[in-house]
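Hi,

Here's the structure I promised to hand over.

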Amino acid sequence: MSSPLPAHSSVVVIGGGVMGCSTLYHLAKAGVSDAILLERNQLTSGTTWHSAAQVRALRSTRNLTDLIRYSVSLYSSLEQETGQATGWISKGSLSIATNKERLTHIKRQESLAHLFGVPAFSISRDEALERWPLMNADDVVGAVWSPEDGRVSPSDLCAALVKGAKSRGAKVFENTGVTGILTKGGKVVGVETNQGTVKCDAIALCTGLWSRAAGAMAGAQIPVWSCEHFYLLTKPIAGISGNMPTLSDHDNHLYIRDDSGGLLVGCFEPMGKAIDPDRLGEDFAFQLLPEDWDHFEPMMINALHRLPALETAEVKMLLNGPESFTPDGSFLLGETAETRGLFLGCGMNSVGVATGGGAGMALAHCIIKGHTPVDLHEADPKRFPDCFNSVEALCHRVPEVLGKHYEISFPSRQMSTGRNLRKTSLHEKWEKEKAHFGQFYGWERPLYFRKLTEPVMTFGKPDWFDQVGREVAQAHEKAAIFDQSTFGKIEVEGKDSARFLNRICANNMDKKPGRAIYTAMLNERGGIESDLTAIRIAEDHYRLFVGTTAIRRDMAWLRRHLGDAQVSLRDSTQEYAVIGLMGPDTAEIATRVGAPELNELKYFEAGPAHIAGAHIRAVRISYVGEAGWEITCKAENAGKIYDALHEHGALPAGIFAQSAMRIEKRFLAYGHDLDTGISPLQAGLDFAVAWDTDFIGKTALEKQKDIGEANRVVTIILDDKNAIPLGSEPFYIDGHIAGKTTSAAYGYRVDRPVIIADCNHADARTQGARVDVDIAGKLYAGQVTLHPAFDPMGQRMRVSSPK
């Protein structure tokens with residue numbers, strides 16, 4: 001007979017898949033010995049038990065990669081610790097390319113692997129064939145070999161994790177379903193189950209397919225939905241002896257490995273099949289979904305091409321098991337915005353087993369310490385707007401997310417489903433201007449204008465290159481309009497507003513009304529949680545302008561630190577539009593539209609005016625390195641204000657032009673150049689630090705200052721005009737890795753490719769240093785400058801001739 005539930009547990013883990021088991025293990029290992037795990041069926045039920053369990057280390061960022069490298073280390077050592085085998089097999093993985101663009105893609109991955117310290121090597125077709133002799137390699141043009149990748153037995157892994165957790169005092173309760181989550185004052189205080197109630201301080205929600213419904217019990221929005229996932233299993237095949245590497249044939253949407261002497265052939269087909277978790281039912285544990293040979297047939301044809309031996313192989317089964325996906329293909333890890341103490345470890349997008357060891361460690365750390373061990377903004381649950389939690393949006397989006405799993409990661413790639421969820425008040429204007437839209441936090445934003453055809457996805461020179469150049473020229477030589485309405489806007493009001501913001505923000509926020517302040521919000525470690533611009537409208541009223549994707553995260557951060565301050569916080573994003581008017585003709589245009597007082601504003605000054613009979617508030621700042629204003633108005637007035645500006649010569653420009661210009665000016669962007677792992681001192685933003693105020697993170701910054709922590713951010717201007725850097729490339733000095741590019745674009749005003757980079761090599765942080773940037777395995781020479789490539793006075797950097 002199982003033991004009764006405890007009356008209280010510090011942390012309740014809900015869900016007994018790999019994420020739940022790993023989180024419990026790491027909580028117990030960290031000393032939370034009273035942690036418990038509740039599973040309504042049995043451990044590994046739902047998704048974990050039928051996972052193909054590939055473990056491939058390389059991901060898009062160092063920190064995500066390190067999570068899987070931690071998993072590899074854990075999985076290979078758990079047996080020694082617990083006596084329970086995990087089935088860890090390290091035979092490597094082989095990624096093949098059958099066309100030029102795929103080859104560029106895997107070579108970019110190889111370059112990234114070198115930066116992160118992950119072994120990966122380009123090999124020839126013949127060398128690939130030696131590693132996978134059953135493969136038809138006639139159409140293979142190249143491959144990358146990753147020798148340390150492997151796979152694991154999911155059920156054995158969970159057994160080992162649970163054994164390790166129990167040995168440290170943690171407990172597991174199977175056949176214990178959670179029927180309710182108790183909250184008080186916006187914080188979790190307990191769970192109700194079919195076996196009784198448990199009071200708790202925190203909950204780790206690791207509920208896989210059912211996470212959306214589970215989160216709703218605590219008032220949290222969790223945009224997770226399930227898709228059917230297929231793999232074929234055969235009986236033993238001649239030529240397979242022992243274990244082989246995993247073969248990744250992503251051009252054909254396939255992954256292939258040996259399985260008990262036969263083959264396992266899985267796919268991420270171009271468009272998946274969504275399935276409502278409610279259709280599965282609460283008792284869905286170790287069941288499978290019906291075989292669907294009609295749906296799998298195109299993948300089977302691809303598999304027969306790659307593996308001729310399949311023609312005579314005897315099929316065991318076509319396994320069809322559900323897996324959970326999020327709207328952007330990245331998992332959810334961290335505390336929710338809505339409910340304090342509710343932590344998510346779900347929506348794993350078919351990488352649950354690979355990531356589970358490291359992700360469980362990170363989630364446990366987040367629960368205990370209040371933050372993840374490293375920056376994981378890509379997995380922050382607060383990155384989605386409400387509109388993505390609707391059943392309709394998820395049903396449309398997640399099948400495409402599954403299909404994108406193996407698609408080439410082209411620059412500026414966009415989703416085609418789940419679109420037009422949010423539109424700015426100028427959307428119809430942009431449609432008439434033939435805008436090509438991209439989606440950001442659910443918003444449709446113009447990437448560029450005058451689109452005649454759909455853009456061709458490529459790593460080469462894009463077909464919109466000249467149009468973006470024309471938009472940059474418009475802003476540089478005349479006047480351009482940028483729609484910045486999607487910036488998050490937060491009204492901070494109350495008598496303690498200045499005192500509160502001076503505690504939250506690193507800059508001095510107690511400026512007189514009419515002033516704008518650029519600042520960062522820091523964590524206790526000195527890392528940047530957000531960067532923003534604030535306008536002090538009145539003594540007791542500030543308006544904060546934060547990043548488009550940051551509004552939910554920043555509101556949660558502000559609320560968390562509100563304390564007893566007499567301050568109200570309100571998200572006013574949709575109430576206001578923001579029009580960026582930039583370029584040398586803006587002063588004349590302001591006069592012509594009846595707002596000459598704008599010309600009296602100094603840099604970082606804000607003031608009211610009227611355009612087209614509508615009240616506006618303009619601030620003299622620029623994100624593109626040209627003179628102008630960011631003009632805030634009521635959303636319903638944006639159209640007539642735009643018409644007035646357009647009538648006097650201002651033309652629209654899109655995000656691609658804005659990004660190119662901000663990179664030339666070395667204005668940093670959160671999520672690219674800034675995150676919680678870099679401080680203002682390291683990012684060259686110490687000008688926005690008020691050392692005479694008492695702000696969160698000040699002690700950490702003072703320690704950095706004492707040890708001489710220096711600016712790591714540099715600009716690199718490449719010699720070759722035809723080079724196409726994208727960001728996330730390693731760069732070298734004298735053959736040694738010097739750092740990583742964080743943002744890149746063609747600098748139309750300097751007529752060279754321009755890069756912002758995070759440099760960790762002292763020799764490369766010197767003016768004029770010569771470096772080489774690795775773009776898909778080819779080195780491109782460039783020169784470092786410690787200044788912007790272009791400044792607002794119209795002067796470009798002098799670039800010396802290559803040595």
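Predicted model: local features only at pLDDT ≥ 70, side-chain atom pairs only at ≥ 80, totals over all residues.

E30 and strand E31 (residues 614-619) run antiparallel and are joined by 6 bridges; in that pairing, Ile-611 has Ala-614 of E31 as its bridge partner. Residues are numbered from 1 along each chain as its sequence is written, and side-chain values use heavy atoms, with hydrogens and water left out. Helices (H or I, at least four residues) and strands (E, at least two) are DSSP runs, numbered from the N terminus, and two strands pair if DSSP finds at least two bridges between them.

Back to the sheet. E30 and E31 belong to an open sheet of 6 strands with mixed pairing, ordered E30-E31-E32-E29-E23-E33. At its edges are strand E30 (606-611) and strand E33 (651-652); each has a single partner strand, so one side of each is left without a neighbour in the sheet. Two helices lie across it, where contact means heavy atoms within 4.5 Å, and axes are lines fitted to C-alpha atoms (for helices over the stretch in contact), with angles from 0 to 180 degrees between N-to-C directions. Helix H16 (residues 638-647) lies across E23, E29, E30, E31, strand E32 (628-634) and E33, at about 10 degrees to E29. Helix H12 (residues 465-477) lies across strand E23 (480-483), strand E29 (576-582) and E33, and its angle to E23 is about 115 degrees.

Then there's the barrel. 6 strands close into it in the order E34-E37-E36-E35-E38-E39, with antiparallel pairing, and the twist from one strand to the next averages 40 degrees. Strand E34 (residues 713-718) pairs with strand E39 (residues 778-785) in the antiparallel sense over 4 bridges, and Thr-715 stands opposite Thr-785 in E39. Helix H17 (residues 655-664) lies across strand E36 (736-747) and strand E37 (752-759), at about 130 degrees to E36.

Strand E13 (residues 246-249) is covered on both faces: Thr-246 and Ser-248 on one side, Leu-247 and Asp-249 on the other, are all buried. Buried here is under 20% relative accessible area, exposed is over 50%, and partly exposed is in between (1.4 Å probe, protein chains only). E13 pairs with strand E4 (residues 93-97) in the parallel sense over 3 bridges, with Ser-95 opposite Ser-248. Another 3 bridges join E13 to strand E14 (residues 254-259), and these two run antiparallel; Asp-249 has Leu-254 of E14 as its bridge partner. E13 and E14 form a hairpin with 4 residues between them, and His-253 in the turn has a positive phi of about 65 degrees.

How do H2 and H9 cross? The axes of helix H2 (residues 62-82) and helix H9 (residues 352-369) come within 7 Å and cross at roughly 100 degrees. That makes H2 roughly perpendicular to H9 (under 35 degrees is roughly parallel, over 145 roughly antiparallel, 65 to 115 roughly perpendicular and the rest oblique). Residues making the contact include Leu-67, Ile-68 and Leu-74 of H2 and Gly-356, Gly-357 and Gly-358 of H9.

Gly-357, in helix H9, counts as buried because its relative accessibility is 1%. Its contacts, not counting residues up to four places away in sequence, are Ser-22, His-26, Tyr-70, Ser-71, Leu-74 and Tyr-75. Gly-357 and Arg-69 are 288 residues apart in sequence and 9.0 Å apart in space, C-alpha to C-alpha.

Last stop: helix H14 (residues 551-560) is mostly covered, with 8 of its 10 residues buried. Arg-552, Arg-553 and Asp-554 are among them. The elements covering the buried residues include helix H13 (497-504), E25 and strand E26 (528-538). In strand E25 (residues 516-522) sits Thr-519, which counts as buried because its relative accessibility is 0%.

Cheers
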